[in-house]
Amino acid sequence: MAESIRKFIESRRPRWEQLETTIKSLERGRLSAPELIGLTRLYREATADLARLQTFQNQEGLEDELKTYLNHLVARAYSQIYRSSPPRASSLWQFIRSGFPAAFRQTLPWTLLSLGVFAIGLTYGFITAISDSSFVALIVPPQLIQKVEEGTVWFDSILAVKPLASSLIMTNNISVSFLAFALGMTFGLGTLYLMVFNGLMVGALAGLCHSHDLGVPFWSFVLPHGVIELTAIFIAGGAGFLLGGALLFPGDLPRKDALLNRGRQAGRLILGCVPLLVIAGIVEAFFSPVHVHAGFKFGMAGILLALLLCYLLLPRATPRSPS
């Protein structure tokens, strides 16, 4: 028996050494294509050899030491073959390019629900602000009301602090979006309140400016960045309603499983909103307050909206992996 074990070890040791060398090359990131192809074969052979050694009887402690060596070698090979690939820039780009728009299209009814709720708040806020000045005081901060009543607009000050304003705007908008998403866990009621309130705020501001002949300056400021910013907030609100819908209407699934499934979709939506809000913050700080003709701003808003809709609504083919 001892002689057969010795011959077996001598015949197999070169393959084990080759596996160890291959693993070291892979750990250093210097593995050639032929070595990579042969790694799995060497791993399978080493696993079979280990299983065979375990059937032999121990003799003079030799096999115990050898089995320890082979166990360690097989474990190293396994960790290299089956390790998770680290996140790559290409994966992030693929998500931004096609993953997020696809998630948007799949959940479009929830985003439209968010848009509809916001539009109801905006319409009510605008109509009421025109007819009842006391309503405006309940919604709009006093300093903004004072500026408008003096015939000026509040957003001119952004021009003096563009980088700081851009940072603050991005932070605020991202916070609002994540809040709209998180409030979906209140069975959608928190998201509903937030979307209605934001609609009331925009509508009241629009009504206030309209009553003091500042409607064109107001909308020429809001729309260039608003077509991106508000779309992102509608998507975030839709993500919140998606969570609320899973809690209220889980269907055939247990409520926990329905929430997990919808949560994955909602998470993709909210993550995709972040770059949109970064772009909106830059536009709001650096372009929206600039003193140029209102028609130019409206035209730019139309171009940005068209580009955004093309990005979100037009499917893109997934690139094929090289064979």
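Leaving out neighbours within four places in sequence, Leu 242 is in contact with Thr 107, Trp 110, Arg 262, Gln 265, Ala 266 and Leu 269. This residue belongs to helix 10. The model is a predicted one. Is Leu 242 buried or exposed? Its relative accessibility is 1%, and the cut-off for buried is under 20%, so Leu 242 counts as buried. The C-alpha atom of Leu 242 is separated by 7.8 Å from that of Gly 263. Along the chain, Leu 242 and Gly 263 are 21 residues apart.

**The whole chain**

Now step back to the fold. The protein chain has twelve helices and zero strands. Read along the sequence, its pattern is α-α-α-α-α-α-α-α-α-α-α-α. Of the 323 residues in the chain, 41% are buried. Take the contacts with a separation of 6 or more: residues 24 or more positions apart account for 79% of them. The accessible surface of the chain comes to about 18000 Å². Carbon and sulfur atoms hold 64% of that surface.

**A bent helix**

Helix 10 runs over residues 215–248 and has 34 residues. A straight helix would reach 50 Å at 1.5 Å a residue. In helix 10, the end C-alpha atoms are only 41 Å apart. Where does helix 10 bend? The bend is at Gly 226, by about 60°.

Helix 10 is also largely enclosed by the rest of the structure, because 29 of its 34 residues are buried. Thr 231 is another residue of helix 10. Its relative accessibility is 17%, so Thr 231 counts as buried too. Not counting residues up to four places away in sequence, Thr 231 touches Gly 226, Leu 308 and Leu 312. Gly 226 is also where helix 10 bends.

In soluble globular proteins, nonpolar side chains tend to be buried together. Here the largest nonpolar core has 33 residues. Which residues have the most contacts inside this core? They are Phe 100, Ile 228, Ile 235, Leu 269 and Leu 276. Five elements are listed as giving two or more residues to this core: helix 4 (89–106), helix 8 (162–182), helix 10, helix 11 (255–286) and helix 12 (294–313).

Ile 228 shows who meets whom. Setting aside residues up to four places away in sequence, Ile 228 touches Leu 276, Ile 279, Ala 280, Leu 304 and Leu 308. A second core of 21 residues is separate. Ala 129, Val 136, Val 140 and Leu 214 are among its members.

**Aromatic rings**

A pair of aromatic rings is described by the distance of the centres and the angle of the planes. The count comes to seven aromatic pairs. One of them, Tyr 193 with Phe 197, is stacked. Its ring centres are 6.0 Å apart, with 20° between the planes. Both residues lie in helix 9 (residues 189–211). They are four residues apart, about one turn of the helix. Residues three or four places apart in an α-helix point the same way, because each turn has 3.6 residues. Elsewhere, Phe 95, Phe 100 and Tyr 311 form one aromatic cluster.

| Residue | Relative accessibility | Class |
|---|---|---|
| Leu 242 | 1% | buried |
| Thr 231 | 17% | buried |
| Phe 197 | 31% | partly exposed |
| Tyr 193 | 57% | exposed |

Conventions
Residues are numbered from 1 along each chain as its sequence is written. This is a predicted model: local features need pLDDT of at least 70, side-chain atom pairs count only at pLDDT 80 or more; totals for chains, interfaces and linings use all residues. Side-chain values use heavy atoms; hydrogens and water are left out. The expected span of a helix is 1.5 Å times one less than its number of residues. The bend at a residue is the angle between axes fitted to the seven residues ending there and the seven starting there. Buried means under 20% relative accessible area, exposed over 50%, partly exposed in between (1.4 Å probe, protein chains only). Contact means heavy atoms within 4.5 Å. A nonpolar core is a set of buried Ala, Val, Leu, Ile, Met, Phe, Trp, Tyr and Cys residues joined through side-chain atoms within 4.5 Å. Rings of Phe, Tyr and Trp (its six-membered ring) pair if their centres lie within 6.5 Å; planes under 30 degrees apart count as stacked, over 60 as edge-to-face and the rest as tilted. Accessible areas come from the Shrake-Rupley method with a 1.4 Å probe; for residues, only the protein chains shown count as cover.
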